[in-house]
Amino acid sequence: MGYINPYIYLMFLFLLPVSKKNQNFLLLIAFLTGIIIDGFQNSMGLHTFACVLVMYLKRPILLSLIPQLKNKTQNNIVFSLNEFGLPVTIIYTSSLVFIHHFALFFIEAFQFDLGNILLRTIASGLVSSILLIIFQFLNVRNSLK
């Protein structure tokens with residue numbers, strides 16, 4: 001495999017509504033998403049682990065970026081570029097992408113070759129983050145029509 005492997009399926013996981021009540025259901029969706037990707041790529045659970053990890057960390061990262069959401073009484077928090085703005089979207093998307101990619105490449109290497117893992121994580125994470133932010137821009141433009 002090369003150094004740049006963008007994973008666009010993360011968009012599906014990022015746009016799922018965040019809720020404390022349905023956390024187990026979201027983890028199940030992440031598990032099923034990862035196992036489907038693993039089935040097609042024959043990667044033996046690597047994507048499953050990374051997807052479940054990202055879904056588990058999604059809510060704490062979002063609440064740390066926007067502390068006002070802790071006080072809201074609404075159950076579901078739907079992340080969108082239109083509602084939270086570009087800086088939060090960039091930080092949120094890139095942090096989750098880098099966590100996903102680091103976990104994926106670290107387990108895939110199954111050795112402590114930190115230089116190679118970080119190079120692959122940064123190269124693939126940059127491309128994936130840019131593509132996911134572009135898709136979020138396109139989603140906002142389509143929702144405004």
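Q: Which helix gives the most residues to the nonpolar patch?
A: This is a predicted model. Its nonpolar surface patch covers about 1000 Å² and includes F102, L118, I122 and I134. Both α5 (86–109) and α6 (114–144) supply at least two residues of that patch. The top contributor, with 8 residues, is α6.

Q: Is F112, a member of the nonpolar patch, buried or exposed?
A: F112 sits in the loop between α5 and α6. Its relative accessible area is 64%. The cut-off for exposed is over 50%, so F112 is exposed.

Q: How many residues apart in sequence are L126 and I4?
A: L126 lies in helix α6 and is one of the residues of the nonpolar patch. At 48% relative accessibility, L126 counts as partly exposed. In space, L126 and I4 are 8.9 Å apart, C-alpha to C-alpha. In sequence, their separation is 122 residues.

Q: Which two residues meet in a salt bridge?
A: A search of the whole structure finds 1 salt bridge. One partner lies in helix α5 and the other in helix α6, so the pair ties together parts that are 12 residues apart in sequence. The N to O distance is 2.8 Å. The side chains are those of E108 and R120.

Q: Is R120 buried or exposed?
A: Its salt-bridge partner is E108. E108 is partly exposed, with a relative accessible area of 30%. R120 has 12% relative accessibility. Buried means under 20%, so R120 is buried.

Q: Are α2 and α3 roughly parallel or roughly antiparallel to each other?
A: Helix α2 spans residues 23–41 and helix α3 spans residues 46–65. Their axes are 7 Å apart, and the packing angle is about 155 degrees. Angles over 145 degrees count as roughly antiparallel. The two helices are therefore roughly antiparallel.

Q: What is the phi of N42?
A: N42 is in the loop between α2 and α3. At 64% relative accessibility, N42 counts as exposed. N42 is not a glycine, yet its phi is positive. The value is about 55 degrees.

Q: What is the relative accessible area of M44?
A: M44 is also placed in the loop between α2 and α3. Its phi is near 55 degrees, a positive value in a residue other than glycine. M44 is exposed. Its relative accessible area is 78%.

Q: Are α3 and α5 roughly parallel or roughly antiparallel to each other?
A: The axes of α3 and α5 are 9 Å apart. α3 passes α5 in a right-handed crossing. The angle is about 150 degrees. With a cut-off of over 145 degrees, the pair is therefore roughly antiparallel.

Q: Is F79 buried or exposed?
A: F79 is found in the loop between α3 and α4 (81–84). Its C-alpha atom is 13 Å from that of L10, and the two residues are 69 residues apart along the chain. The relative accessible area of F79 is 2%. Buried means under 20%, so F79 is buried.

Q: What distance separates the C-alpha atoms of V78 and I37?
A: V78 lies in the loop between α3 and α4. V78 is partly exposed, with a relative accessible area of 43%. V78 and I37 are 41 residues apart along the chain. Their C-alpha atoms are separated by 24 Å.

Q: How far apart in space are T93 and G125, C-alpha to C-alpha?
A: T93 has its place in helix α5. T93 is buried, with a relative accessible area of 0%. In sequence, T93 and G125 are 32 residues apart. In space, the distance is 9.8 Å.

Key: Residues are numbered from 1 along each chain as its sequence is written. This is a predicted model: local features need pLDDT of at least 70, side-chain atom pairs count only at pLDDT 80 or more; totals for chains, interfaces and linings use all residues. Side-chain values use heavy atoms; hydrogens and water are left out. Patches are made of residues with over 30% relative accessible area and no salt bridge: like charges are joined within 9 Å, nonpolar side chains (Val, Leu, Ile, Met, Phe, Trp, Tyr) within 5 Å. Accessible areas come from the Shrake-Rupley method with a 1.4 Å probe; for residues, only the protein chains shown count as cover. A salt bridge is a side-chain nitrogen of Lys or Arg within 4 Å of a carboxyl oxygen of Asp or Glu. Helices (H or I, at least four residues) and strands (E, at least two) are DSSP runs, numbered from the N terminus. Buried means under 20% relative accessible area, exposed over 50%, partly exposed in between (1.4 Å probe, protein chains only). Axes are lines fitted to C-alpha atoms, for helices over the stretch in contact, and angles run from 0 to 180 degrees between N-to-C directions. Angles under 35 degrees count as roughly parallel, over 145 as roughly antiparallel, 65 to 115 as roughly perpendicular and the rest as oblique. A crossing is left-handed if the near helix is turned anticlockwise from the far one by less than a right angle, and right-handed if clockwise.
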